[in-house]
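Trainee: Please give me a close look at one part of this model: how its side chains pack and pair. I would like it as one connected account that I can follow on screen.

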Amino acid sequence: MEPPKPLTKNYATVRDRIQPGDVIVFSGVDLPSTVIKVATHSGYVHAAIIFSTGPDVWGQMNGLTSMEQRSDTLLIAEAHIDTRFPSVGSGQRTAGVQLQWLTNRLTCAQGPVWWASLREPLTTNQVSTLQQWLWDDESQGTPNDFVQA
């Protein structure tokens, strides 16, 4: 994995280089974020993985066409307690594995956000395997693991 690069200030210029499997990491400035950063000795409090970068694979998996009408089609998979947005996959507002539009998360971010790209892009088969695994987790409503969090 390449070292993380700031995302919030240069999103428009790097958006087309983001690929499935890349990681988005978030920081925060609120009390829970500060506690997490102190406890983990890290500047990061949350991570997400790029699920899809366009309507091609997502539409094939789900027969959905709504993504084709979006100008920004970066979809992330994350385990999150924020339920402001329903999960794109299930439509449910649940704490746990969710599929979310990256632009929604960037809009809500209360601190810096970084993008870490893979050194080598995933193969088509690897992307398909990753997406199926994440889709299954989201579809099953896998809850957030508060014990390990």
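Mentor: Gladly! Helices here are DSSP runs of H or I with at least four residues, strands are runs of E with at least two, and both are numbered from the N terminus. Counted that way, the protein has five helices and six strands, and reading along the sequence gives β-α-β-α-β-α-β-β-α-β-α. Please keep in mind that the model is predicted. Of its 149 residues, 39% are buried. Among contacts with a separation of 6 or more, 65% involve residues 24 or more positions apart.

Let's start with the packing. In soluble globular proteins, nonpolar side chains tend to be buried together. Here, 14 residues make up the largest nonpolar core, and Leu-7, Tyr-11, Ile-18, Ile-24 and Leu-102 have the most contacts inside it. Helix H1 (11–14), strand S2 (23–26), strand S3 (46–52), helix H4 (102–108) and strand S6 (113–116) each give two or more residues to this core. Leaving out residues up to four places away in sequence, Leu-7 touches Val-14, Ile-18, Ile-24, Leu-102, Leu-106, Val-113, Trp-114 and Trp-115.

Trp-114 turns up again when we look at the rings. The whole structure holds one aromatic pair. Tyr-44 and Trp-114 form an edge-to-face pair, because their ring centres are 5.1 Å apart and their planes meet at 75 degrees, over the cut-off of 60. This pair links distant parts of the chain, with Tyr-44 in the loop between helix H2 (31–40) and S3, and Trp-114 in strand S6, 70 residues apart. Tyr-44 counts as partly exposed, at 32% relative accessibility.

Trp-135 is one of its buried residues, together with Val-127, Leu-130, Gln-131, Leu-134, Asp-137 and Glu-138. Looking down the axis of H5, you will find these buried residues within an arc of 160 degrees, so they line one face of the helix. The face of H5 turned away from the buried side carries the exposed residues Asn-125 and Trp-133. After H5 comes Gly-141, which has a positive phi near 70 degrees.

Now for the charged side chains. Side chains of opposite charge can pair when their charged atoms come close. With a cut-off of 4 Å between nitrogen and oxygen, the structure has four salt bridges. Asp-82 counts as buried at 11% relative accessibility, whereas Arg-84 is partly exposed at 46%. Asp-82 also forms a salt bridge with Arg-105, where the closest N and O atoms are 3.1 Å apart. That pair links distant parts of the chain: Arg-105 belongs to helix H4, while Asp-82 sits 23 residues away in the loop between strand S4 (75–80) and strand S5 (96–101). Arg-105 is buried too, with a relative accessible area of 4%. Through shared partners, salt bridges join Arg-105, Asp-82, Arg-84 and Glu-78 into one network.

Another salt bridge joins Asp-16 to Arg-15, with 3.9 Å between the closest N and O atoms. Asp-16 is exposed at 66% relative accessible area, but Arg-15 is buried at 14%.

One last stop is Pro-3, in the segment before strand S1 (5–6). Pro-3 is exposed, at 55% relative accessible area.

Technical notes:
Residues are numbered from 1 along each chain as its sequence is written. This is a predicted model: local features need pLDDT of at least 70, side-chain atom pairs count only at pLDDT 80 or more; totals for chains, interfaces and linings use all residues. Side-chain values use heavy atoms; hydrogens and water are left out. A nonpolar core is a set of buried Ala, Val, Leu, Ile, Met, Phe, Trp, Tyr and Cys residues joined through side-chain atoms within 4.5 Å. Buried means under 20% relative accessible area, exposed over 50%, partly exposed in between (1.4 Å probe, protein chains only). Contact means heavy atoms within 4.5 Å. The arc is that of the directions from the helix axis to the C-beta atoms. A salt bridge is a side-chain nitrogen of Lys or Arg within 4 Å of a carboxyl oxygen of Asp or Glu. Rings of Phe, Tyr and Trp (its six-membered ring) pair if their centres lie within 6.5 Å; planes under 30 degrees apart count as stacked, over 60 as edge-to-face and the rest as tilted.
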